[in-house]
Each structure stands twice: as C-alpha cells, then as structure tokens.
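Please consult the sequence and the structure below while reading.

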Amino acid sequence: MMTVDQIINAFKSGEKSAEEITRGFLDVIAQKNPEINAFVEVFEEGALARAKELDQKRARGEKLGALAGVPVAIKDNILFKDHKATCCSKMLENYVASYTSTVVEKLLAADAVIIGRTNMDEFAMGSTNQTSVYGPVKNPVDVTRVPGGSSGGSAAAVAAGMVPLALGTDTGGSVRQPAGFCGVVGIKPGYGRISRYGVIAFASSADQVGVLAANVKDAALALEVLAGKDAHDSTSLEAPVPAYAQLFSQDLKGVKVGLPKGFLDGLSDDIKQKMDEAAAQLQKQGAELVEVDVPHAKYAAPCYYIITSAEASSNLGRYDGIRYGYADEASADLNSYYENSRAPFGLEVKKRIIIGTFALTSKNYEECFLKAMKVRELIRDDFKKAFEKVDVLLTPTSPTTAFKLGQHDEDPLALYLADLYTCQGNIGGLAGVSVPFGKDKDGLPVGVQFYGPILQEEKILNAAYHLEKGL
C-alpha cells in the first residue's frame with residue numbers, strides 16, 4: 001500500500017492520476033471488505049467523480065492541497081452532507097446528513113477524496129466493534145479476532161490496505177486501542193485540538209476526532225490539516241497549528257520520557273517485554289527515562305464509565321422518535337410510543353444509558369457522578385505534575401493484544417478494562433498516540449502509547465516517530 005506521503009508526491013508530480021489512485025484502493029476494498037467488513041458504505045461513484053475533478057485541477061496548474069489525491073475513510077458518526085451517518089445503529093438507519101462536519105470540510109479543502117464510511121461500535125460504545133448493527137469487523141491480522149473499537153472499521157481498513165488514512169473518534173481509547181490491535185498508528189490529539197462540529201455525540205467532554213494511518217508521518221500530515229479553532233465549536237482551542245511532520249528531531253537527546261509507577265503490573269509477559277524493549281530503544285536514541293507517579297490514574301476506568309455514561313444518557317435522550325431517530329407509528333399510546341421508538345438501541349447502548357441515568361438521579365448524583373468528576377480533577381492534576389518533570393509518558397496501549405471474537409461477551413468487565421490505559425487520556429484531556437512495536441508470541445501486533453500535554457502533540461509524534469524508526 002502506498003503511504004499518504006507517497007500518494008501526495010505521486011499525484012503532484014504527475015506520476016499517477018487521482019482517478020488511478022482511487023480506483024486502486026476501490027479494487028482493494030472490493031476484494032477484502034466482504035471478509036473484513038470494515039466499510040458499511042463505499043462512495044465509489046462520488047469518490048471517482050471527486051478524483052476526476054482533482055485531475056482536472058492539476059491539469060489547470062492550480063495549487064493543490066496538503067492531502068491532494070489521498071483517499072480517506074470516515075467513521076460512521078462523522079457527517080458528510082447528503083450521505084448517511086447511522087452510528088451503526090438501527091436508531092439512525094435512515095439518517096442522511098444535512099450538513100458536513102468541520103473535519104470533512106477540512107479534508108475536502110485539502111483535496112482529499114472521501115472514499116466511504118467505516119463500521120463502528122453502535123454510537124461508539126464498545127471496545128471490539130461487535131455491537132454494530134452491520135455486524136462485527138474482523139481484524140485483518142487474524143480474522144478470528146476483534147479489531148478493537150469503537151473505531152475498529154477505520155483501523156481495520158488501514159491495516160488491510162483498503163485505505164491509507166481514516167478518521168475515527170476517541171472517547172476512551174477508540175482510536176488508539178484498535179490501532180494497537182491492528183498494528184497501525186492512531187492519534188488522539190488533546191481535547192479541543194480538533195473541532196467536534198458535525199460529529200454525533202457520545203460523551204461531549206471526552207469525544208475527540210482522531211487519525212488512523214500506516215505510519216507516524218502520515219498521521220502527522222493529517223493532524224496538521226484537521227487541527228485548529230472552529231467558530232462552530234466553542235470547545236475548540238485557539239492556538240497555532242505546527243507543521244507536525246517537519247518537527248521530527250534527529251534523535252531524542254534531551255527528551256525526558258516518563259515511566260509511570262505501577263503501569264506494567266498485571267500485563268502479559270509479551271507486552272511487558274515489549275514495553276521494556278521500547279524504553280530501552282528510546283534510551284539508546286538519547287532519551288532520559290524518568291520514573292513518575294500518577295497515583296489516581298488507577299481510578300480512571302470507573303471514573304470514565306460513570307462520566308461518559310451520564311453524558312451518553314443525556315445526549316441520547318434526543319432519540320425519542322419525536323425529535324430524532326426511529327419512530328414507531330403503530331404505538332397505541334404515548335408511553336408505548338416512547339418505549340417502542342427507543343427499542344432499536346442495542347444492548348451495550350442501553351446498558352450505558354441505564355448506568356448514566358442511575359448516576360444522575362438525585363439519590364446517586366453526589367455519590368456517583370459528582371465523586372467521579374472530583375476524581376477526574378485529581379487525575380488531571382497528577383498528569384499536570386508529571387509533565388512538569390517529563391516531556392512525554394510511555395505506557396501500554398492495552399493490557400492485551402487482540403482477543404477472539406466473542407471471547408468476552410459474557411464478561412463486560414473484561415471488555416471495559418480493555419480501555420484501562422487509554423481512557424486516562426480522555427479523562428485527563430491529554431494528547432495520546434499508539435504506535436505498533438512488534439508482535440507477541442501469537443504474531444499479534446503490540447501497541448505502545450505516548451501521552452503528552454494538551455497542545456503539544458508534536459512531542460508525542462516525535463517520540464513515536466523515533467520508536468517506529470528503530471524497529
């Protein structure tokens with residue numbers, strides 16, 4: 001598969017046409033998607049028309065954008081006008097976007113080609129991509145295993161070579177965890193770095209659009225296009241956007257890499273070994289390893305599930321058959337109308353709505369939701385203090401490598417703990433990137449993760465680039 005950088009150079013130089021590039025990836029999708037199930041819809045006609053427009057633009061000698069000719073897939077919760085956006089839920093099976101999200105607008109302005117929408121866990125709730133109404137995505141490395149979630153379709157599409165670049169969303173690790181499982185790069189920038197306008201909400205204080213790519217440089221090129229203040233999103237941050245891919249250093253001399261205490265406890269021997277090897281490689285390239293303490297990080301998972309479930313309960317309240325979503329017109333009375341109109345939600349979504357509603361009741365608000373919010377501040381303070389001592393933190397991406405499809409269906413706690421190391425970044429508002437670092441004894445990809453302060457994504461990209469380079 002051609003990388004993003006190679007595609008841009010081949011198109012701009014005239015070596016390949018945008019149509020030729022797009023047709024090549026469409027052929028791979030046609031060949032592989034029936035088994036992998038990464039795409040729920042391919043915009044073949046629209047993508048080819050867009051590619052021909054770009055070829056004409058190049059022929060006229062006009063200036064080409066930063067992602068000129070690059071096919072990009074978008075997760076099924078990101079709006080693209082006149083295209084469906086269903087969140088892989090029966091609740092929104094007929095919803096067609098009436099406007100385009102800011103991130104897609106930026107891709108189009110950069111002359112990218114939107115090639116299709118990818119499969120996901122329903123309403124982005126899940127860690128396996130098995131809760132989709134379109135059926136599970138399969139991991140291209142081993143089709144008997146999950147690709148991770150909720151952006152499993154985007155990760156699998158990149159890993160299978162069906163697309164060089166894909167957008168996902170990350171609320172508790174939903175870009176980084178599937179990146180780790182599928183052996184690709186996944187970055188979630190700090191909260192507010194990328195606009196959420198036109199992204200269907202799961203938990204508004206944690207949701208963040210992220211990028212999945214085959215290598216760190218490709219992810220950096222895409223992040224530069226997507227980042228920046230947006231007048232449509234009050235939570236987006238006003239700050240300069242660096243040319244990330246041009247900030248990679250020659251080595252890591254002077255860079256302080258934090259190793260959080262206790263983060264390797266309970267890991268499999270394979271992952272622990274890879275973490276040790278990653279730390280040693282960074283040190284060999286000049287980095288200084290520093291042990292740091294983030295004592296409240298161990299509470300991130302329960303804190304995350306209470307806060308995000310509460311926000312999901314509120315955000316998904318709009319899907320009542322009157323304002324939005326499926327409507328059961330055959331109901332005999334108002335109560336049955338509401339009940340039947342909300343029935344299309346899947347089991348995982350219903351569970352989180354119930355958890356969130358429980359946490360928000362007057363009886364439980366202080367004990368559950370308010371306490372979780374206080375713990376969130378303690379976690380953020382821990383990370384703030386850690387970054388006063390180090391430039392980046394090195395952690396596992398996930399406690400395990402990709403597990404078998406259906407393996408933890410009867411053990412929701414095991415599924416929730418798959419986000420153990422990634423949800424800390426969303427609770428803390430941090431920038432995080434997962435980069436592949438070898439394989440375990442079963443030949444499955446192992447991902448390692450770097451965390452960095454908000455608005456300093458260049459630090460984690462640089463560390464990830466050097467780790468990738470040393471493989």
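The text that follows treats the pockets, then the cavities, and finally a surface patch.

The model is predicted: local features need pLDDT of at least 70, side-chain atom pairs count only at pLDDT 80 or more, and totals for chains, interfaces and linings use all residues. Residues are numbered from 1 along each chain as its sequence is written, and side-chain values use heavy atoms, with hydrogens and water left out.

**Pockets and cavities**

On a 1 Å grid over the protein atoms alone, a pocket is an open set of points with protein on both sides within 12 Å along at least five of seven lines, whereas a cavity is a set where a 1.4 Å probe fits but cannot get out; lining residues have an atom within 4 Å of a point. A volume is the space filled by probe spheres set on the points, which are joined across faces, edges and corners.

| Space | Volume |
|---|---|
| Largest pocket | about 360 Å³ |
| Second largest pocket | about 300 Å³ |
| Largest cavity | about 60 Å³ |
| Second largest cavity | about 50 Å³ |

The largest pocket is lined by 14 residues, and Tyr99, Val199, Ile200, Ala201 and Arg318 are the closest to its centre. Its lining comprises 10 nonpolar, 1 polar and 3 charged residues (nonpolar: Ala, Val, Leu, Ile, Met, Phe, Trp, Tyr, Cys and Pro; charged: Asp, Glu, Lys and Arg; polar: the others, Gly among them).

For the second largest pocket, 16 residues form the lining, with Thr131, Glu348, Lys351, Asp409 and Leu415 nearest the centre. Helix H11 (347-360) and helix H13 (412-416) each give two or more residues to this lining, and H11 has the largest share, 4 residues. Helices (H or I, at least four residues) and strands (E, at least two) are DSSP runs, numbered from the N terminus. By class, this lining has 4 nonpolar, 7 polar and 5 charged residues.

There are 3 cavities of 30 Å³ or more. Residues lining the largest cavity include Phe181, Ile271 and Thr397; strand S11 (445-452) supplies the largest share, 3 residues.

**Surface patch**

Ile322, Leu334 and Tyr338 form a nonpolar surface patch with about 290 Å² of accessible area together. Isoleucine 322 lies in the loop between helix H9 (300-315) and helix H10 (334-341), and is exposed, with a relative accessible area of 51% (buried is under 20%, exposed over 50%, partly exposed in between; 1.4 Å probe, protein chains only). Patch residues have over 30% relative accessible area and no salt bridge; like charges are joined within 9 Å, and nonpolar side chains (Val, Leu, Ile, Met, Phe, Trp, Tyr) within 5 Å. A salt bridge is a side-chain nitrogen of Lys or Arg within 4 Å of a carboxyl oxygen of Asp or Glu. Accessible areas come from the Shrake-Rupley method with a 1.4 Å probe; for residues, only the protein chains shown count as cover.
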